[in-house]
Amino acid sequence: MDMARRKILAALGATAALSVVGGCATRASSGRGTAQLAVAKDAAHLALGRLLPRHQDQVAFRVLPAKDGADVFRVSGERGRILVEGSTPAVQLTGFHQYLRSHAHAHFSWNGERTDLPPRLPGLRRPLKRTANVAHRFALNDTSDGYTGPYHGWDYWEHELDVLALHGFNEVLVYIGAESVYHRLFQRHGYTDTEMRSWIAGPAHQPWWLLQNMSAFGGPVSRQLLDHRLELGRKIAARLRELGMTPVLPGYFGTVPPGFTDRNPGADVVPQGEWAGFVRPDWLDPRTDHFARVAADFYRIQAGLFGDSSMYKMDLLHEGGKPGDVPVGDAAKAVEKALRVAHPGAVWNILGWQTNPRREIVDAVDKSKMLIVDGLSDRFPEVVDRETDWDSTPYAFGSIWNFGGHTTMGANTADWPDLYDKWLTKDGSALHGIALMPEAADNNPAAFALFSDLAWTESPLSLNTWFEEWSIQRYGASDQHAAAAWDILRRTAYGTTRKDSWSEAHDGLFAARPSLKATKAASWSPKALRYDPIEFAKALPELLAVSGNLRRSSAYRYDLLDVTRQVISHRSRILLPQIRAAYEEGDRTAFGRLTAEWFRWMQLLEETVATDARHLLGRWIADARNWGADPREQEQLAHDAVSVLTVWGDRPAADKGKLHDYANREWAGLIGGLYTLRWKTYFDDLDAALAEGRAPRRFDWFAIEDEWVRTHPPSATKPTGDIYLIAHKVLKASRH
């Protein structure tokens, strides 16, 4: 370990007081030592029973005290008798997972896993030891619930929390159930039950309601939906505490329903205008007594429902929020004071995004109790000195490699090791954490694993070595074709950098609103290809050539699907300029041939993604319907779920706000449904225009989309087809 990193670890003792993560906060509490040891032993052991029940009894877990305030793990033992020691149950699981990857060539992930283990776990010649180089390992974006699965149940979340623990995270954002806090809160301040349930957005849109961007869309929510989501949120928070992790809960920064001043005379609110076509909720002036009373009630109700936490997420004036005549610094002080009164010592977690947090905020608050989770670390090349930007406020190195849940492959992993090490070891560094913040989880499993590893390395990662080892961990053994495939992916999808001011890969044009000039599907996605699609396509034959005994895992099947899907997706960017040229030249024969090819590729894409349950629109809709108490509510929740993927909101949001297709994704049911409908409508008219010598029609795309959202036919809820056979078909088609 180099000297700079030794200094970092030495400083973690002081940082631990700031971090008050689940494990650290628990250890600091008095009178709980014996109970904590029992919980630590049971929590990791029970998690292993969920993950690897046949091997559960071969592993013993033991508490290992933190080293100078830093989380540590140590794994040792002989074949069939493994001892895992760690500072919290979650850290013990992190250690076990590192052992699985390095010694058993197995792993768990967001997408696919490889768990075909021998009857007896392999032993270690020497102990495997790691120390976390940062105190904060934060996970999940504010938008994650909306874009990943607003209608997931406990089965999903139980596994998700286990996987996050396995990857070393110790702070997890928990938004589910927060609506019950607001529902109860404002009934104490003049509102009725009905008014509150009408103001709260549907589950797919609730993240943006909590961010003070919009309200009501997807509602009204029913009492039973409130109760069920509250129950789920409480289970998530409780499980995080059992694992020694911190549930990061939303704090109160001033959002109020409409008409607050009418019901609370003397209150002072600041209208917030619009966000992407939605009317934003008003902001209650934090300097006032009314704010203090509402905030006190908020934290009291929240603590009664969820218990206390040591970290609260608040994004003051997010994405264009308007302070009006309220001094931002004074507002920040008042928001902080309300948090301190309710939870002395708690950390204010705030997103680094666009111009937030404003300098007035960080200058006004106690910086030692703020953590900025930076969403732009790997986005803009001009981001070079966060200590100056935020006056040495502690921050976490973050990445948002996915927007809206796009299915595209890619992340700026080429930037991560050097940037992270440079910023972590610089003199006066304020880098105290990592922040895993793709807008949707459950994608790009290599990026997930690599980013997670940053916090547990003693020296900068070698990307060549990391990806070579990943191909072994991912499929179970060394294979020249697997290594070659992942080397290609390292240089293409995972070889991009922030030089072009993007952190996400390009999306596909099959999902775009039809136009011969389309260069992206989502309004805020890259226009140009960020890596070479021809070079990328070379990974497909390599994956298909992987040894048969390594092709049985869900990890292999997912990767083969993802690469196959991406190869097809790239066809849209190759074909559309050719179709445009044929149309502009008036060559109807070429136009017909090329558009027929376009639809053949769309059909192949539909077949490809139909092989995986998580790529099915029908599954997404079925999950939503399962939360409804009656047919009316089932239809309402299904609309909430489908709209966020397509039109996003009403006409002003979709068109004026440019949110249509923001959450586009290459899923079965969307590709063969809405996306095919739009392009067929468009191309048929262009063909008729060529035949009749007329100008093409102008389409009201929102009307077409909204009609489809409300009346679309049922979609499959179970996967069909063999991805290996389909991938071979795609490879053959791509060579013609």
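Analyst: Two strands are said to pair if DSSP finds at least two bridges between them, and strands (E, at least two residues) and helices (H or I, at least four) are themselves DSSP runs, numbered from the N terminus. The model is predicted, so to speak of local features pLDDT of at least 70 is needed, side-chain atom pairs count only at pLDDT 80 or more, and totals for chains, interfaces and linings use all residues. Residues are numbered from 1 along each chain as its sequence is written, and side-chain values use heavy atoms, with hydrogens and water left out.

In the hairpin of β2 and β3, 2 residues lie between the strands, and Gly80 takes a positive phi near 80°. Strand β3 (residues 81-86) pairs with β2 in the antiparallel sense, over 6 bridges, and within this pairing Gly77 has Ile82 of β3 as its bridge partner. Strand β2 (residues 72-78) is also joined by 4 bridges to strand β4 (residues 128-131), and these two run antiparallel; here Phe73 stands opposite Arg130 in β4. In a regular strand the side chains alternate between the two faces of the sheet.

Turning to the helices, the protein has 29 helices and 17 strands. Helix α23 (residues 588-609) packs against helix α27 (residues 670-692) at an angle of about 175°, with the axes 11 Å apart, where axes are lines fitted to C-alpha atoms, for helices over the stretch in contact, and angles run from 0 to 180 degrees between N-to-C directions. Because of this angle α23 is roughly antiparallel to α27 (under 35 degrees counts as roughly parallel, over 145 as roughly antiparallel, 65 to 115 as roughly perpendicular and the rest as oblique). Contact means heavy atoms within 4.5 Å, and the residues that meet include Phe591, Trp598 and Phe599 in α23 and Tyr675, Trp679 and Phe683 in α27. By class, this contact of α23 with α27 has 12 nonpolar, 3 polar and 4 charged residues, with Ala, Val, Leu, Ile, Met, Phe, Trp, Tyr, Cys and Pro counted as nonpolar, Asp, Glu, Lys and Arg as charged, and the others, Gly among them, as polar.

A second pair is formed by helix α22 (residues 554-584) and helix α29 (residues 723-734), whose axes come within 10 Å and cross at roughly 30°, which means that α22 is roughly parallel to α29. Among the residues making this contact are Leu560 and Val567 of α22 and Tyr724 and Val730 of α29.
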